[in-house]
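This report covers a protein and DNA model.

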There are 2 protein chains.
Amino acid sequence: MRIGELAKRTGASERSLRYYEAQGLLSPSRTPAGYRIYAESDVDVVRHVQTLLAAGLNTAFIKEVLPCMVDTGEGLAPGCPELLPHLQKERARITMSIDGLATARTLLDGVISATPPDNTEYEAWVARRTG
Amino acid sequence: MRIGELAKRTGASERSLRYYEAQGLLSPSRTPAGYRIYAESDVDVVRHVQTLLAAGLNTAFIKEVLPCMVDTGEGLAPGCPELLPHLQKERARITMSIDGLATARTLLDGVISATPPDNTEYEAWVARRTG
DNA sequence: CTTGACCTTAACACCGGTGTCAGGCTTTAC
DNA sequence: GTAAAGCCTGACACCGGTGTTAAGGTCAAG
């Protein structure tokens, strides 16, 4: 498929897909005219990239990890031992991050539940905004 | 206390503390010479700021929320009704973010557990690095 | 008086993925 | 043949909190 379709199917912008390629995360083939042609499996690759990017991993590390995430149909391919330390560091960072987010959410919950049950003021505010 | 002590007690850099002030999150008093003097309660304020910043809220919104987080000793002060919609939006975003992080962690767990039990190569790599 | 720790403001730079625009080529549809 | 949609490369800008440095003021201790 071409870049437009991949963008639609993954939700990634064309800009991002080209960026991923520049970082070595994707290697689409090309038509004689230079158009990028992506394999069906690239849909999953992009999804993985999106997930890991959102989790704070950078493209350099994702590039190293991706080859270890090739699904051979029967589980994952044998992993990359030399990546293990960094892999575990990232995992720990993600866990810390989740904890921080949970703490922040609890903090917000406190504020939310402390909001006066009398929400006259809020309703007036909404009425003002929505005209 | 002065800025150096607050920095030590909160882990925030002096740079960050001055930035928070510039954004209206802190309003320390000043000595005649211009030194910032922080109240004891500012320690908690900074901790809240750190928590919310780490959760992706920006300083502009934190500035609005902070007054609603004044602990009156007996629970929180009555909240700010007009903030409720944004508050809930941020809460939802945090929850989405947690979900995304959990997904990423599961993905990494797959790679980690797919690493060959034979870690000869990794040990050799460690030996090489640690000399 | 001087040294050194601590403080002040101001300015510049960075990260790193993404938005966006310009100028131009290719393919598809009519 | 022509219009429209799609794709190409390249370049500039942004976010927004933080690091860092420069040039200087303040203050307690020796």
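How many residues surround DNA strand D, and which are the closest? The model is predicted. In it, 20 residues surround DNA strand D. The closest are A:Y35, A:R36, B:S13, B:Y19 and B:Y35.

## The surface near DNA strand D

Both protein chains take part. α1 (3-10) and α2 (14-22) of chain A each supply at least two residues of the surface near DNA strand D, and so does α2 (14-22) of chain B. The element that gives the most is α2(B), with four residues.

Seven of its residues are nonpolar, six are polar and seven are charged.

Which part of DNA strand D faces the protein, sugar and phosphate or bases? Of the DNA strand D atoms within 4 Å of the protein, 64% belong to sugar or phosphate. The rest belong to bases.

| Residue | Atom on DNA strand D | Distance |
|---|---|---|
| A:R30 | phosphate oxygen | 3.2 Å |
| B:R15 | base oxygen | 3.1 Å |
| B:S16 | phosphate oxygen | 3.3 Å |

B:R15 instead has a polar side-chain atom 3.1 Å from a base oxygen.

## The interface of chain A and chain B

The size of an interface is often given as the accessible area lost when the parts come together. Chain A and chain B bury about 3900 Å² between them. Carbon and sulfur atoms account for 81% of that area. Three residues lead on the chain A side: A:L101, A:R105 and A:L108 supply 17% of the area that chain A buries against chain B, more than any other three residues.

Chain A brings 42 residues to the contact, and chain B brings 42 residues. Polar links also cross the interface. The count is four residue pairs in polar contact. Two salt bridges are found between the chains. B:R91 forms a salt bridge with A:D109, with the closest N and O atoms 2.5 Å apart.

Which elements of chain A give two or more residues to the side that touches chain B? They are α3 (42-54), α5 (84-113) and α6 (120-130). The largest share comes from α5(A), with 22 residues. By class, this side of chain A has 27 nonpolar, ten polar and five charged residues.

## The fold of chain A

Chain A has six helices and two strands. From the N terminus, the order is α-α-β-β-α-α-α-α. Of its 131 residues, 34% count as buried. Among the contacts in chain A with a separation of 6 or more, 48% join residues 24 or more positions apart.

Start with A:R36, one of the closest residues to DNA strand D. A:R36 sits in strand β2 (residues 36-37) of chain A. Its side chain makes a polar contact with the side chain of A:E21, at 2.5 Å. Beyond four places in sequence, A:R36 touches A:M1, A:R2, A:I3, A:R18, A:E21, A:P28, A:S29 and A:R30.

A:P28 lies in the loop between α2 and β1 (29-30) of chain A. Is A:P28 buried or exposed? Its relative accessibility is 10%, so A:P28 counts as buried. Setting aside neighbours within four places in sequence, A:P28 is in contact with A:E21, A:R36, A:I37 and A:Y38. A:P28 and A:I3 are 25 residues apart along the chain, and their C-alpha atoms are separated by 9.4 Å.

B:L17 belongs to helix α2 of chain B. That helix gives the most residues to the surface near DNA strand D. B:L17 itself is buried, because its relative accessible area is 0%. Not counting residues up to four places away in sequence, B:L17 touches B:I3, B:L6, B:A7, B:A12, B:L26, B:Y38 and B:V46. One of these, B:A7, is ten residues from B:L17 along the chain, with 7.4 Å between the two C-alpha atoms.

Notes. Residues are numbered from 1 along each chain as its sequence is written. Chains are lettered from A and ligands numbered from 1 in the order in which they are written. This is a predicted model: local features need pLDDT of at least 70, side-chain atom pairs count only at pLDDT 80 or more; totals for chains, interfaces and linings use all residues. Side-chain values use heavy atoms; hydrogens and water are left out. Contact means heavy atoms within 4.5 Å. Buried area is the accessible area (1.4 Å probe) that two parts lose on being put together, summed over both. A salt bridge is a side-chain nitrogen of Lys or Arg within 4 Å of a carboxyl oxygen of Asp or Glu. A polar contact is a pair of N or O atoms within 3.5 Å; within protein, one must be able to donate a hydrogen and the other to accept it, and residues adjacent in sequence count only if both atoms are side-chain atoms. Ala, Val, Leu, Ile, Met, Phe, Trp, Tyr, Cys and Pro count as nonpolar, Asp, Glu, Lys and Arg as charged, and the others, Gly among them, as polar. A residue is near a molecule or strand if one of its heavy atoms lies within 4 Å of it. Buried means under 20% relative accessible area, exposed over 50%, partly exposed in between (1.4 Å probe, protein chains only).
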